[in-house]
Amino acid sequence: MLIILRIALVGFVCLFLASAGSACGPGRGYGKRRHPKKLKPLTYKQFIPNVAEKTLGASGKYEGKITRNSERFKDLTPNYNPDIIFKDEENTNADRLMTQRCKDKLNSLAISVMNQWPGVQLRVTEAWDEDGHHSEESLHYEGRAVDITTSDRDRSKYGMLCRLAVEAGFDWVYYESKAHIHCSVKAENSVAAKSGGCFPGFASVILEDGQRKMVKDLKVGNRVLTADDEGNIVSSEFLMFIDRDPKTIREFYVFETEEPRSTLRLTPAHLVFVTNNGTGSDTTAVFASNVTPGQKVLVVDDALEHLKAVTVQRIFVEEYEGSYAPVTSHGTIIIDQVLVSCYAVIEDHKWAHWAFAPVRVVHAFMFLTGLLKEREYPPTRDGIHWYSDILYHMGTWLLDSNTFHPLGMSKS
């Protein structure tokens, strides 16, 4: 039965996204496949994303130099891809050593290079550095950065090579020199490398009867408080976790509000509702990483009857173990007194909610027909839910890359 439902869901998603995806969010046409987007070369000294390399929105902080005697040396893997030329001027195979994430992105880029310029290969001039040739705290010392050219060393191609590297999924690409391109990735175990959008397990939700419950303890079928499109407080059924990870340590943005005081913790790619004028007329869902002090979030009052626009006074970052991304029938949920979206990664709450319509339809159908009873709800599994994983990959095909948060939902 589960296999049949999965097939039905995937089929429904394909039809749904083809017809409704562009109507409910960024997109062109109606029910038509988008033409391949025109790639724009980077200019000299340009970098993408437009933030410093060792920040959360790019490749993340430096974690320490790796040497051949380091415990972390085992984290480096050799790349013997025959479609890539490795300069290896040290003759030690050091330029073949890199993290798995870096290797995956590099191999993807190698294919793009051959497709873009038949007969031309990707060339790596520097990867892991064990000799101290780079600046202090360079990601080359961790095997997370590569310097690249094309095999023909045609500098007129380097702007487009940068763009191809961006499309291949490198977390930071820099047209650093007229002689090479610099690319880097997030750490394998970093917050950013496994980022989606979620809350720490100890974050609280409010059940229909007013009782509090930690997010990590939610069970399918629980009814929690949220708000409808008009801002009325309503209860909504908890359907699933988009992502459930009890162990990984992640960085969370922490919002502290003015009176009534609330503290909301969520990952940077998650959507939260904000308003600037406090009336609610301009309420919109934005990435947590785009919220600034002075904007207002919607906080439920102590009577659990109304939402109030409250100013965000302070924003900072903290690390916590475990993260959970719950989804309700309404697509919204009140977490730690604050109204937030259930969705992340793509900055369009309405589009995301439409995309999860098949989940709501199938859930309702199974419950009404008796195929699923409350006491028979399947246990919640750890990891990214297969349905949201499919949606993400379909979205990367249908939508422009700038529609997604820089951290995406990438997995190391």
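At 38% relative accessibility, Phe202 counts as partly exposed, a class that lies between buried (under 20% relative accessible area) and exposed (over 50%), for a 1.4 Å probe and protein chains only. Tyr320, by contrast, has 15% relative accessibility and so counts as buried. The model is predicted, so local features need pLDDT of at least 70 and side-chain atom pairs count only at pLDDT 80 or more, while totals for chains, interfaces and linings use all residues. Residues are numbered from 1 along each chain as its sequence is written, and side-chain values use heavy atoms, with hydrogens and water left out.

These two residues also meet as a ring pair. Rings of Phe, Tyr and Trp (its six-membered ring) pair if their centres lie within 6.5 Å; planes under 30 degrees apart count as stacked, over 60 as edge-to-face and the rest as tilted. A search of the whole structure finds ten aromatic pairs. The ring centres of Phe202 and Tyr320 are 5.1 Å apart and the planes stand at 75°, so this pair is edge-to-face. It links distant parts of the chain, 118 residues apart: Phe202 is in the loop between strands E8 (180-184) and E9 (204-206), and Tyr320 is in strand E17 (residues 307-328). Strands (E, at least two residues) and helices (H or I, at least four) are DSSP runs numbered from the N terminus. Elsewhere, Phe47, Trp172 and Tyr174 form one aromatic cluster.

Next comes the interior. A nonpolar core is a set of buried Ala, Val, Leu, Ile, Met, Phe, Trp, Tyr and Cys residues joined through side-chain atoms within 4.5 Å. The largest has 57 residues, and Phe255 and Leu264 are among those with the most contacts inside it. Strand E12 (residues 233-257) gives the largest share of this core, eight residues. A second, separate core has 30 residues, including Val113 and Phe170.

Finally, there is a sheet to trace. Strands of a sheet pair through backbone hydrogen bonds, either parallel or antiparallel. Here, two strands are paired if DSSP finds at least two bridges between them. Strand E6 (residues 145-150) runs antiparallel to E8, and four bridges join them. In this part of the sheet, Asp147 stands opposite His182 in E8.
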